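Here is a short briefing for a first look. Please keep the sequence and the model side by side while reading.

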Amino acid sequence: MMRFMLLFSRQGKLRLQKWYTATAERDKKKMVRELMQVVLARKPKMSSFLEWRDLKIVYKRYASLYFCCAVEEQDNELITLEVIHRFVELLDKYFGSVCELDIIFNFEKAYFILDEFLIGGEIQDTSKKSVLKAIEQADLLQEVHTHTHHREKK
Amino acid sequence: MPAPIRLRELIRTIRTARTQAEEREMIQKECAAIRSSFREEDNTYRCRNVAKLLYMHMLGYPAHFGQLECLKLIASQKFTDKRIGYLGAMLLLDERQDVHLLMTNCIKNDLNHSTQYVQGLALCTLGCMGSSEMCRDLAGEVEKLLKTSNSYLRKKAALCAVHVIRKVPELMEMFLPATKNLLSEKNHGVLHTSVVLLTEMCERSPDMLLHFRKVWLLVPQLVRILKNLIMSGYSPEHDVSGISDPFLQVRILRLLRILGRSDDDSSEAMNDILAQVATNTETSKNVGNAILYETVLTIMDIKSESGLRVLAINILGRFLLNNDKNIRYVALTSLLKTVQTDHNAVQRHRSTIVDCLKDLDVSIKRRAMELSFALVNGNNIRGMMKELLYFLDSCDPEFKADCASGVFLAAEKYAPSKRWHIDTIMRVLTTAGSYVRDDSVPNLIQLITNSVEMHAYTVQRLYKALLDDISQQPLVQVSSWCIGEYGDLLVSGQCEEEEPIQVTEDEVLDVLEGLLVSNLSTPVTRGYSLTAIMKLSTRFSSVNRIKKVVSIYGSSIDVELQQRAVEYNALFKKYDHMRPALLERMPIMEKTASNGPTEIMQTNGETEPSVPDTKHLPLVTQPANQANDLLDLLGGNDVMPVIQTTLPTKPASAGGELLDLLGDLSLSGGLAPAPSVPVSQPPFLLDGLSSQPLFNDTSAAIPPMTAYSKNGLKIEFTFERANPNPNIAVITIHATNTTEADMTEFVFQAAVPKTFQLQLLSPSSNIVPALNQGSVTQVIRVLNPQKQQLRMRVKLTYTHKGSPVQDLAEVNNFPPQSWQ
């Protein structure tokens, strides 16, 4: 299973962190700092995989953002790259040519999309269409509530 | 009270901060505002405030005061609130804090909500961060949802069940009935999550696994689903680069792996589909290769037929040639896993693997290195070693230590000749000398010692290496040790293997002294060189020069050096008679267990019998030239270094054949053993000592005798037989003094006829106290192989009342039992 996923910029700014195992806040911070350092130090010619502690790290850079997953020993690294790619595709479809700023200003939506794609570190649905439809419907539900109760915008 | 600022506005504001301090100030201000808003129990803006808090939390600021607010949001009826509330719970709440349990009831309600998106939120949250308690409480609800016909909820419930099982394995059983029909769903989401659920169950419970295999006949079901996926036409919804639902394919392959493991029938049932996937999957994109990779892993793990296995290895071989470094990486990882079981197949790809040593990626290089070492065998050692040594030259420092260790290990196992072995070691020491592991030095010394015929060649090469470079400490240490041991061979120009070099004693001493003073030498290295210089005192003629050096270091600041120098000084003065024996050539050492990077002993796929291991010399075989004058001190057959007796030309004293004293190092207790013994040598001497009682009480008691009695000095002999060797008589002398003055500087010496051999151990002291107040004892051991009548001539010297006394006497009254 995937243990956690991190999104961070080249400057080492965290944009999203999803943890699928119970970890203390202090430990999370330490691991994030360490891992960011390791990944940011990698050169372009290197592979997308590395070993870190007892985990396998799969990372890929999309424009200014690093998508970094930690998986377990028995997990398939190559398919994990596809999982990352699928997530980027979902973000891209949702935001329309997604860029880092979209994720900064709409981080909660990025989380919602991720939570519609993965649960407990595993894929819920392999259909892009299905995931996007669900997000769309949930957004609508939010809108309805908003319109009905308050004219409030985030 | 103005409305709290909106989330996006806050983000914008914070991003304008130019310094960390400025940012902190803004955050603190906003947090204060949020706190007061929370205190006011404001329902309208709670959602907005928590969202802002989550943003600040991501920046690294504390947000724990928002935890309860998240719970309130979850309890709200508004979908917007719930969405942010559950997100907040997943980000801020922690199963270690009891407050998280307050969520349980809300989640329970939401699991039964009328809106599926609310149910979905609850399932997602539970499936991501549910604690064991929560899982126990809510497992029933999850199980219910697993049976719903709503595929949106069913897929989420399946993954939620996976999490519940991970947290509380005992609950696995209750999900079993609901799981039964999952695979008949058409929805890919449900299919995928069901396969994940089944996988989790199989991994955790061997009973479940058997049940699925035998009762549910899961394997044919999965094979059918997989087949449909591959054979079915283009399905836009699930297509990735021309492949239909690769994610599902991979998960099915993984589950098949678990089911086929150590089960012939299942393995056979999946044979065809595996072959089909392996041959038909498109390899131009990463997706296809991901499926192939999983297929290979499955083939290698189940009981597949050999044809399939070869197919798998060949796929890996092709991966190695792929331009994509990620593919090469996984290929090497997989090959490393299979190299033990399918060694011959992997050997075929050896040259490709060796090429990967030149890859730019560090992880690939490391794997290639490990794999290369695993593939080395007696047939390919020369070629492989050439590549590996080249790698060692040019690789990053982080590899050097492991590579060096690997080279040593491989060389030890498969060296085609001793000369090749020594050369290889030399090469490692000169190119990566500072990176070799600490235990390499003693291991190498042992290896060199045991390669007797290579001593001259080795010391010559090491000497030349020292001339070039004295910065690499392991190299310097091994070289110093060798020069100390075999310096005589060096100056006598005896090398057979290559052109002997001309070097004088002074030149050698210059080099060693240079090490002593060099800033590059560590204290340990200095110790080695000082000892080496000392050992040369019995091999070289420039003893005076050596004496001078040693005495200088008697006042060294380095305590270790000082102690050595002082002891060596003592060797020159008071114990000069023991020096040659102490500084003799080291005997063959017993090989201790080697530990290198791979502990696995393997034949490495050799078809012919492996090269006989000439390194393991049998325990008691001695080189021919040392065979004659042996006195096996402790008499046993276990692991003893045998101390060779030499007969240096000492002026014969008046008494006749006076044999040298052989200091038995461990027994004397006076002089420390020569520090030239490598650090890792196990305590043979002491071991032997404890298992072999010197004095054997069970032999028939031999009556004591008075050997000498004159001028108040009486010397009594008591006897014992050394147990394993009845040819050795052990005599203890007891010297007592009846006069009123002490006898000081008392020295007892003895000589025996030619057919005997004598060993005199250290005396208890050299003062015989007056008036029988004490005695001096000393042990003599006599080897009498021909069982001749024991005779002895003794010489006594002491100082009595200020004047020196000397006396000679013959001892002929030995009781017959002592020599028969």
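A residue counts as buried under 20% relative accessible area, as exposed over 50%, and as partly exposed in between. With 44%, B:N772 is therefore partly exposed. This is a predicted model.

**Positive phi angles**

- Most residues other than glycine have a negative phi.
- A:A63 has a positive phi of about 55 degrees and is not a glycine.
- In chain A, A:A63 sits in the loop between β4 (55–62) and β5 (65–71).
- The relative accessible area of A:A63 is 68%, so A:A63 is exposed.
- B:N772 also has a positive phi of about 55 degrees, although it is not a glycine.
- The loop between β7 (757–760) and β8 (776–783) of chain B holds B:N772.

**Salt bridges: the total**

- Side chains of opposite charge can pair when their charged atoms come close.
- Over all chains, the whole structure has 57 salt bridges.

**B:D359 with B:R328**

- B:D359 and B:R328 form a salt bridge, with their closest N and O atoms 2.7 Å apart.
- B:D359 lies in the loop between α20 (350–355) and α21 (362–375) of chain B, and B:R328 lies in helix α18 (residues 325–338) of chain B, so the pair ties together parts 31 residues apart in sequence.
- Both B:D359 and B:R328 are buried.

**B:D423 with B:R461**

- In the salt bridge between B:D423 and B:R461, the closest N and O atoms are 2.5 Å apart.
- B:D423 belongs to helix α24 (residues 418–432) of chain B and B:R461 to helix α26 (residues 455–468) of chain B, so this pair ties together parts 38 residues apart in sequence.
- B:D423 has 22% relative accessibility, so it counts as partly exposed.
- B:R461 is partly exposed too, with a relative accessible area of 25%.

**B:R539 with B:E485**

- A salt bridge joins the side chains of B:R539 and B:E485, at 3.6 Å from N to O.
- This pair links distant parts of the chain, 54 residues apart: B:R539 is in the loop between α29 (523–535) and α30 (543–552) of chain B, and B:E485 is in helix α27 (residues 473–491) of chain B.
- B:R539 is buried, with a relative accessible area of 15%.
- B:E485 is buried, with a relative accessible area of 0%.

- A:E122, B:R166, B:E200, B:R204 and B:R251 form one network through salt bridges that share partners.

Conventions
Residues are numbered from 1 along each chain as its sequence is written. Chains are lettered from A and ligands numbered from 1 in the order in which they are written. This is a predicted model: local features need pLDDT of at least 70, side-chain atom pairs count only at pLDDT 80 or more; totals for chains, interfaces and linings use all residues. Side-chain values use heavy atoms; hydrogens and water are left out. Helices (H or I, at least four residues) and strands (E, at least two) are DSSP runs, numbered from the N terminus. Buried means under 20% relative accessible area, exposed over 50%, partly exposed in between (1.4 Å probe, protein chains only). A salt bridge is a side-chain nitrogen of Lys or Arg within 4 Å of a carboxyl oxygen of Asp or Glu.
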